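Dear colleague,

I am passing on the structure we spoke about, and below it you will find a written account of what turned up in it. Please read the notes alongside the coordinates.

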Amino acid sequence: MEDNRQEVELRSDVPISPPNGEALCTQEHNQVKLTNGQNHASSPVNGVQEYRRHTFSTEPTLEDIRRMQAEFTDERDWNQFHQPRNLLLAMVGEVGEVSELFQWRGEVAEGLPDWTESEREHLAQELSDVLIYLVELAEKCHVDLPQAVLRKMALNRQKYPASKVHGSAKKYTEYNE
Ligand SMILES: Nc1ccn([C@H]2C[C@H](O)[C@@H](COP(=O)(O)OP(=O)(O)OP(=O)(O)O)O2)c(=O)n1
């Protein structure tokens, strides 16, 4: 079988743009190996665990979503209702709707293997509602969300150096130096 594996170094300043769909990945320290073959291997090879990592389409961007929602609200004259606090409450309400889908089901495995297509679509819709309100809330608070995410991720990397926290889920305040 042809080996389609490519090695991509995870660097803090270079976002990885895997192809849309699923990528078979292995992760070891700061390297991720992507394969686009049909292989479903999941047993550790040389101590490296392989797993399928779900990836997104590259569009729409957050700015696309902001603009589409702005058009949606303008067309309905709904801006009068979409102040920051109302958007926050609407977003939290939608988070509650996402929670309802998981309620009483116990732990759910990645990929939601026991869910029906209709349940998956319902989840996709509720997650979209959360994102739409989040993006509009950021707009109305004048937060440039994509850039804010970059800054926050840089902070997260500083707070949680991989060499220090590898394999541990402890909060940064629990590390004594
Ligand atoms: N005043 C409103 C009402 C709706 N929407 C948009 C944003 C959300 O993506 C979606 C929310 O619609 P609903 O409030 O009808 O909520 P659901 O779609 O979740 O319906 P339901 O509560 O019946 O599950 O519509 C909006 O922008 N502003």
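Helices, taken as runs of at least four residues, and strands, taken as runs of at least two, are DSSP assignments numbered from the N terminus. In those terms Pro 60 sits in the loop that runs between strand E4 (50-55) and H1, and the peptide bond joining Glu 59 to Pro 60 is cis, with omega at about 0 degrees.

Please keep in mind throughout that this is a predicted model. The average pLDDT of the chain is 81, and 71% of the residues score at least 70, while the model as a whole scores ipTM 0.98 and pTM 0.78. Two segments call for particular care. Over residues 1-19 the pLDDT stays under 50, and the model has 26 contacts beyond four places in sequence for them; over residues 27-42 the pLDDT likewise stays under 50, with 34 such contacts in the model. Where pLDDT is low, the predicted coordinates should not be read in detail.

On the overall arrangement, the chain contains 5 helices and 4 strands, and from the N terminus on the order of these elements is β-β-β-β-α-α-α-α-α. Of its 177 residues, 6% count as buried. Among the contacts between residues at least 6 apart in sequence, 65% join residues that are at least 24 apart.

Turning to the helices, H1 covers residues 62-76, and its 15 residues reach 21 Å from the first C-alpha to the last, close to the 21 Å expected at 1.5 Å a residue. The residue that follows H1 is Asp 77, which lies in the loop between H1 and H2 and has a positive phi of about 55 degrees although it is not a glycine. Asp 77 counts as exposed, because it has 8 C-beta neighbours inside 10 Å and the cut-off for exposed is 12 or fewer.

H2 has 19 residues and reaches 28 Å from its first C-alpha to its last, which is close to the 27 Å expected at 1.5 Å a residue. Two residues of this helix were examined individually. Pro 84, which is placed in H2, counts as partly exposed because it has 14 C-beta neighbours inside 10 Å. Leaving aside residues up to four places away in sequence, Pro 84 touches Leu 137, Lys 140 and Cys 141, whereas Glu 107, at 23 residues from Pro 84 in sequence, is 34 Å away from C-alpha to C-alpha. Arg 85 is also placed in H2, which spans residues 84-102, and it counts as exposed because it has 9 C-beta neighbours inside 10 Å. The C-alpha atoms of Arg 85 and Tyr 172, which are 87 residues apart along the chain, are separated by 31 Å. After H2 comes Trp 104, whose phi is positive, near 65 degrees.

What is the phi of His 142, a residue other than glycine? It is a positive value, near 60 degrees, and His 142 belongs to the loop between helix H3 (117-140) and H4. With 7 C-beta neighbours inside 10 Å, His 142 counts as exposed.

H4 itself covers residues 145-159, and its 15 residues reach 20 Å from the first C-alpha to the last, close to the 21 Å expected at 1.5 Å a residue. This helix is hardly covered, as the count of buried residues among its 15 residues is 0.

How values were computed:
Residues are numbered from 1 along each chain as its sequence is written. This is a predicted model: local features need pLDDT of at least 70, side-chain atom pairs count only at pLDDT 80 or more; totals for chains, interfaces and linings use all residues. A residue is buried if 20 or more other C-beta atoms lie within 10 Å of its own, exposed if 12 or fewer, and partly exposed in between; C-beta atoms are placed from the backbone. Two residues are in contact if their C-beta atoms, placed from the backbone, lie within 7 Å. The expected span of a helix is 1.5 Å times one less than its number of residues. pLDDT is the predictor's confidence in each residue, from 0 to 100.
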